[in-house]
Amino acid sequence: MESAPLEFFKRLLDTPSPSGYEKPVQDLVRDYLKPIAESVDTDLHGNVIGAKNTGAPLRVMYAGHCDQIGMLVTQIDELGFIYAQTIGGWDPQQLIGQRMMIWTSTGPVPAVIARKPIHLLNDEERKTVVAAKDLWLDIGAKDQEEAKGLVRIGDPVTLKLGFQEMRNGLANAPKMDNTTGLWVVLEALRRADKLNCSLFSVSTVQEEIGLRGAKTSAHGINPHVGIGVDVTHATDCPTIDKRQQGEVALGKGPVIFRGPNMNPKVVERLILAADEFKIPYQLAALGKPASNDSNALQMAQAGVAAGCVAIPNRYMHSAVEVISLEDIDNAATLLARFAEMIEADADFRP
């Protein structure tokens, strides 16, 4: 991967974007798009839309959501400890013992989230799965007054962010879901050339709470073809049932999904592009509506020829999500070549 796109990927991973609080990362997206897109727009929902070759009548939309799961401050008690509700789908066990960051209007406030030490748990407590409501954030405040001077109700909270490289081209960070998909759709737009279609790459908001940004941005663009780019579960690690989830490995290429949420012509053209340009890819099956932006794209307006390209991800919705850098690089190239191969009069009706 080129150094500048890699550095941009790291900056995205270092920038908070809980659902509903995506502005910091969208500012980065706008700056990155300005020199590579013909137009850059932000709609009222907060989706950022970069476009190329907008005069072409056939419209193709790539959606990568920029939001991450997080928390939201709900109460500050008399001792200065902070309670929060979750934004998006958390396993509360993933939160215990984590370093966190509260993003306030005056800057980030470091915090930890914990529970009673194991030495003090009684037998019943040791058997009980902890609930998010029973966890608290500790910012080191001496009392409620000090805490309230720093933090307000409604401030967003994330895991402590950061990128860590690993062996064999792998990397881990919180919010790989879906910084990977966001980076891919932006890079695909940068790499795409000689287009016969209008290409829109959208940094969508609020996917984690109901695919909301994809719905609103697709309504505005009204695409003929729409591809959602997100993460999917890598199954090349213990405890995951490959019989249902399929064989999905890190480093073997992006995943092209097949199933009722996907337009068969979009799927076959993605495979054709991958084969023609020798881009590694993996196939996966999904027999129900996708839980990502491709679902919203398919159902937009009078219907869209939808596809889903996914990045294999170990340990999704945790502090240590692991992906392959080669997989995101190959995904961006795949989507760029796919768009370039679309004829001006292409018909995606099944």
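Q: What makes Arg115, Lys116, Leu121, Glu125, Thr128, Val129, Val130, Ala131, Asp134 and Trp136 the lining of the second largest pocket?
A: A pocket is an open set of points on a 1 Å grid over the protein atoms alone where a 1.4 Å probe fits, with protein on both sides within 12 Å along at least five of seven lines, and lining residues have an atom within 4 Å of a point. Therefore these ten names, Arg115 to Trp136 in the list, count as lining residues of the second largest pocket.

This is a predicted model, in which local features need pLDDT of at least 70, side-chain atom pairs count only at pLDDT 80 or more, and totals for chains, interfaces and linings use all residues. Residues are numbered from 1 along each chain as its sequence is written, and side-chain values use heavy atoms, with hydrogens and water left out.

Q: Why is serine 294 called buried?
A: Its relative accessible area is 0%, and buried means under 20% (exposed is over 50%, partly exposed in between; 1.4 Å probe, protein chains only). Serine 294 is therefore buried.

Q: Which residues does serine 294 touch, not counting those up to four places away in sequence?
A: They are Gly228, Asn261, Ala306, Gly307 and Cys308, where contact means heavy atoms within 4.5 Å.

Q: What is the volume of the largest pocket?
A: The volume is about 640 Å³. Of the 25 residues that line this pocket, the closest to its centre are Val231, Thr232, His233, Leu286 and Ser291.

Conventions
Points joined across faces, edges and corners; volume = space filled by probe spheres on them.
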